[in-house]
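Look at the structure first, then read on.

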Amino acid sequence: MTPTVPDPHPEERPVLRPLQRTGWGFRLLVAALLAVIAAGAYAYVTQLRLGLGVTGLNNRVTWGIYITNFVFFIGVSHAGTLISAILRVTGAEWRRPITRMAEAITVFALMVGAPMVLIDMGRPERILSVFRYGRLQSPILWDVISITTYLTGSLLYLYLPLIPDMALLRDRLTEVPRWKRALYRALAAGWRGTPRQHAALERGISAMAIVIIPVAISVHTVVSWIFGMTLRAGWHSTIFGPYFVIGAIFSGIAAIITAMGAFRWVYGLGGFLTDRHFRNLGYLLLTFNLLYMYFTISEYLTIAYGAEVKDTTLVHALFYGAFSHVFWVMLIIGLVLPAVLTLIPHLAPIDLLRRVPALRPIPLGVGAAILGGVGATLHVRGVAYVNTTLGVHHDVVLVAAGVLGAAAFLALLPVLKQRPVASIVLASLLVNAGMWLKRYIIVVPSMALPITPTEWATYQPTWVEWSITAGAFATFILLYALFAKIFPLISLWEVREAKVPEPAPGARAQEVVA
Amino acid sequence: MGLTRRSFLKILAAGTAAAAAPLAGGGLVRRFRIRPGSPNLPAFVASRETPGTVVHLSGLPNSGGDVAVAYAAEPNTRTGPGEAGRRWVMVIDLARCDGCRECTRACTAMHFVPPGQEWIRVYEMKDHEEAAPYWFPRPCMQCDNAPCVKVCPVSAAWKREDGIVMQDTSRCIGCRFCIAACPYGARSFNWVEPPHTPEELAKPDDIEWNFRHRKGTTEKCIFCPGLIKQGKLPACADACPMGAIYFGDQVEDAVTNSQGETVRFSELIKENAGYRSLEELGTEPRVYYLPPRKRIYPAPPAEPEPATMGGHR
């Protein structure tokens, strides 16, 4: 983009701008993320020094939020490569601007997710024993093999379509720092765009796209088998493989949409990431939402109907026992609300909500103020009051808070209907949160279950675990943010190659997912 | 060896019975002392001293198919496959257990078990609403089809030919998959650096005694192979004031308790409807239980609220 030469592709400027200059916003973000990562590192050093005793884990609940994070990030990693590969293989033309972002998510999610197991280990310094003494009978070995294969394949699959763009940047970004130019030159690998090179690249990408699909499916299948191969209630289930794969793709799509929403907003990539992309991915999200609901109902109905003692104990704990709040929050924010939000443009009666006076900002605000006051009073007066006569009121406050929350959501719906992209991004954020909780619900209750006839075990994550978890999420965001500063988020050569005409605004989506 | 297991046991049983007559003891359990005048001497010690009674197991099919031998494919060189020809077995008579937890204390003292762990844990059990509560000591079941051995990624847990599921804390990577896999909750983890007492540090670091506990590794009951070598019962069996814990060699078909009572294992199980915990899971435990029928001791007090967890058997 030298000023003297006229720019043949002015529409690509928003994609290239982040690679050329760095603003204060980015520096602040990196500083904040580094601070969170530093806190996580401090927590991990504490854990290394004193042992896993600094966590809330115990001899009964021996796996907690580290393993939850592991399953979550491995799930998110499905986003990318798998979805990008499926869209490539099926020739869905609209995929072109989103594949790069999707593939990058996979790589970073694996880079953050796989070490979570290391953090969970009591003896991380013995990790090489897994290779030295490894037993193929252990599902952990299956995971090691499968995840390393997936990471290698995903890196390759991310890199191959990068080559022409690297050459493009090598030739075009002449005013960037020396190290960046050297990087682009090295990664371009002598790409000159000859027909022979093009043919070889296309062949490589097609082969990788096909190979990576079974690898991706195997990854989350063997992750599920870590649980499925044990004899525990809630884990020992034959549908666990497909259940996890569907859940992974579901949360993966949500992760892509979230990233797309963030980058479209921050870098102004609306020209590439159009409403159509969000709409199509929204339909994909809804499809997997329904599939996941189907699996969830199959799983719990089967074990609840059979009513074996341990299964029943587990189901009771989830539905109205110790884990019920996490369970219902997961179901509502992870499945129900996202389904509503992705369907919003098609829900005509939503506009009627505007006419309900109680859903206007003023009555809602007054209600919130009253509720806050009552809640604060109860809180100040202390536990003694709550335990006696006011105990009833305490429940009333909780119910009222729930009603108010539902009302606020209803009031938000007509607003969101005007902003379909925002509502799909919101749905994706909720799915991400819900799927994290779902993984927690999978990992912890089955371990807390009374296996020998003793009481339920308890597990309360400590600051160490939360700090490390926050650090993991910050690392993921940091890796992605740095990637966005060095590599173009949109696969420019693929977009140029296609130049798919954008349908007129307002045109309904007949072209659902290919 | 052309001898089937059944015919072998028959010969062995006939020989033992002849040598041990006359039979003593009452009730359903027939008891006899293999060597009168030397109480606390387990049966397997006598057979060690009488050449010809030790049989190598490798030629015999064992009760749980041939899984045990298959799992021993990677024996740890520090201990080998265990005592040849033995199949250690434990029988716990729930009718006799009064919940005093002497077994737990003896085990903890002998192995310097770190705080927060109980390698043999005494649970208060109640099988269903109408049932009376009873005490249930739970050591490691030393399963022949051990879920912990299956899932261990580095062979830190392995099955010896003598039936013991061993645990190597110098190999364990601390992934705790074995704890997740064990349906009996028999495994514990060293969450922090275990307190090392001078007494423990004075002992040699020996995998068969489970000394030298290590931070970040899993441990459990291993049937005290160190004591067995010395001709003693495991610490828990030896310490039980009720003689509720029998220990011995299944091949020899004789088990002994702290009272010096040696009984024929197969008859003890047959005549008292012996069972194994969570039999339906197919783990093939090496610990047998005699039902808490006609408890000699009154049922334990009902505090704290006993967990109702039906179908534990």
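## A buried pair in chain B

B:Arg86 is buried, with a relative accessible area of 2% (buried means under 20% relative accessible area, exposed over 50%, partly exposed in between, with a 1.4 Å probe and protein chains only). B:Asp249 is buried as well, also at 2%. The two form a salt bridge, with the closest N and O atoms 2.9 Å apart; the term stands for a side-chain nitrogen of Lys or Arg within 4 Å of a carboxyl oxygen of Asp or Glu. B:Asp249 is in strand β8 (residues 245-249) of chain B and B:Arg86 in the loop between α3 (67-71) and β1 (88-93), so this pair links distant parts of the chain, 163 residues apart. Helices (H or I, at least four residues) and strands (E, at least two) are DSSP runs, numbered from the N terminus.

## Basis of the values

This is a predicted model, in which local features need pLDDT of at least 70 and side-chain atom pairs count only at pLDDT 80 or more, while totals for chains, interfaces and linings use all residues. Residues are numbered from 1 along each chain as its sequence is written, chains are lettered from A and ligands numbered from 1 in the order in which they are written, and side-chain values use heavy atoms, with hydrogens and water left out.

## Salt bridges in chain A

Over all chains the structure holds 29 salt bridges. In one of them, the side chains of A:Glu494 and A:Arg88 meet at 2.7 Å, N to O. A:Glu494 belongs to helix α19 (residues 492-498) and A:Arg88 to helix α3 (residues 65-89) of chain A, so the pair ties together parts that are 406 residues apart in sequence. A:Glu494 is buried at 3% relative accessible area, and A:Arg88 is buried at 11%.

Another salt bridge joins A:Asp171 and A:Arg170 (2.9 Å, N to O). Here A:Asp171 counts as exposed, at 54%, and A:Arg170 as partly exposed, at 22%.

## Where the chains meet

In total, 40 residues of chain A are in contact with 47 residues of chain B, where contact means heavy atoms within 4.5 Å. The area buried between the chains is about 3,500 Å², and carbon and sulfur atoms give 60% of this. Buried area is the accessible area (1.4 Å probe) that two parts lose on being put together, summed over both.

Across this interface the rule finds 1 salt bridge. B:Arg176 and A:Asp120 form it, their closest N and O atoms being 2.8 Å apart.
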